[in-house]
Amino acid sequence: MPSKKALVRRPGPRLAEGLVTHIEREQPDVDLAVEQWEAYVAALRAHDWETVEVEPADDCPDAVFVEDTVVVYRNVAVITRPGAEARREETAGVEEAVARLGCSVNWIWEPGTLDGGDVLKIDDTVYVGRGGRTNAAGVQQLRAALEPLGARVVTVPVSKVLHLKSAVTALPDGTVLGHIPNVDQPSLFPRFLPVPEESGSHVVLLGGGRLLMAASAPKTAELLTDLGHEVVVVDISEFEKLEGCVTCLSVRLRDLYV
């Protein structure tokens, strides 16, 4: 049967020092961020996800964005080599966590760089954003790891936002959501639905047609509700100040052997 496990990592005390690339820096409220993170984790649990808390990395300001440290396909976990050198110490605790869950562990090696936020999986198609954090060598290494398992790795350009999944995510039927000003080439996706808000581009599939979304995208939530989806809203305003979104605060493991 499919698994429903989600890796999460508690925000550290240095969260406000996190990297900002494509937006103006705002000062997040760290205490409020912790409250929002706890509510996010509670929302996952309320929809039958078993959360697995990765060992904290308090010296790494961006460690809460755990998605960037690993790509999981079926039971294979590829430990990334983040494009920002300051983030590379984040991967050790995640490697230990996925190994404990029984994943087969692979790695991205120098000169490759890859952030998990640049990887969007839709069934057996794996879209990889080639942009500021992920380079060609990283894409090649991910392709070498996943294509023997049946994946089709497709590279797409990312220049307007931090990661591919800052620009697009996908609905359960594979339709890709995106805010047009942030998407380099919408035509690269077979089915594309424009949404009216930047944060409306970000959904986490909870199962059963339910979508986890940020409270900052009420118009998109209304649109998706009209299309028959059940929207679950969480406030992640303090993480949005650091270019974070609902996808990057967890790693969903749906296909482990359990």
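Predicted model: local features only at pLDDT ≥ 70, side-chain atom pairs only at ≥ 80, totals over all residues.
Local features are reported at pLDDT of at least 70 and side-chain atom pairs only at pLDDT 80 or more, while totals for chains, interfaces and linings use all residues. Residues are numbered from 1 along each chain as its sequence is written, and side-chain values use heavy atoms, with hydrogens and water left out. Helices (H or I, at least four residues) and strands (E, at least two) are DSSP runs, numbered from the N terminus.

A nonpolar core is taken as a set of buried Ala, Val, Leu, Ile, Met, Phe, Trp, Tyr and Cys residues joined through side-chain atoms within 4.5 Å. Buried means under 20% relative accessible area, exposed means over 50%, and partly exposed lies in between (1.4 Å probe, protein chains only). The largest such core has 25 residues, and Tyr40, Leu44, Leu212 and Phe239 have the most contacts inside it. At least two residues of this core come from each of strand E1 (5-8), helix H1 (30-46), strand E12 (204-207), E13 and E14. H1 gives the most, with 6 residues. Leucine 212 is in contact (heavy atoms within 4.5 Å) with a set of residues that includes Tyr40, Ala43, Leu44, Val232, Val234 and Val246, leaving aside its neighbours within four places in sequence. A second, separate core has 16 residues, among them Val54, Val70, Ala77 and Val94.

Helix H5 (residues 218-226) has buried residues of its own, namely Thr220, Ala221 and Leu224. These cover an arc of only 105° around the axis, and therefore lie on the same side of H5; the arc is that of the directions from the helix axis to the C-beta atoms. The buried residues of H5 pack against E10, E11, strand E13 (210-214) and strand E14 (230-234). On the other side of H5, Pro218, Lys219, Glu222 and Asp226 are exposed. Just after the helix, glycine 228 takes a positive phi of about 100°.

Aromatic side chains provide further links. Rings of Phe, Tyr and Trp (its six-membered ring) pair if their centres lie within 6.5 Å; planes under 30 degrees apart count as stacked, over 60 as edge-to-face and the rest as tilted. By this rule there are 3 aromatic pairs. One of them joins phenylalanine 65 to phenylalanine 239 in an edge-to-face arrangement, at 6.2 Å centre to centre and with 80° between the planes. Phenylalanine 65 lies in the loop between strand E2 (50-53) and strand E3 (70-73), whereas phenylalanine 239 belongs to helix H6 (residues 237-240), so the pair ties together parts that are 174 residues apart in sequence. Phenylalanine 65 is buried at a relative accessible area of 4%, and phenylalanine 239 is buried at 0%. Another edge-to-face pair is formed by tyrosine 127 and phenylalanine 189, at 5.1 Å centre to centre and 65° between the planes.

Strands pair if DSSP finds at least two bridges between them; here 4 bridges join strand E6 (residues 119-122) to strand E7 (residues 125-130), and the two run antiparallel. Lysine 121 has valine 126 in E7 as its bridge partner. The hairpin has 2 residues between its strands, and aspartate 123 in the turn has a positive phi of about 55°.

Aspartate 115 is placed in the loop between strand E5 (104-107) and E6, and is buried at 0% relative accessibility. Its side chain reaches the backbone nitrogen of glycine 83 at 2.9 Å. Beyond its neighbours within four places in sequence, aspartate 115 is in contact with Asp68, Pro82, Gly83, Arg87, Arg133, Thr134 and His163. Threonine 69 is found in the loop between E2 and E3 and is likewise buried, at 0% relative accessibility. A polar atom of the threonine 69 side chain lies 2.7 Å from the backbone oxygen of valine 66. Not counting residues up to four places away in sequence, threonine 69 touches Val78, Ile79, Thr80, Glu90, Thr91 and Val94.

Terms used
Polar contact = N/O pair within 3.5 Å; in protein donor to acceptor, adjacent residues only side chain to side chain.
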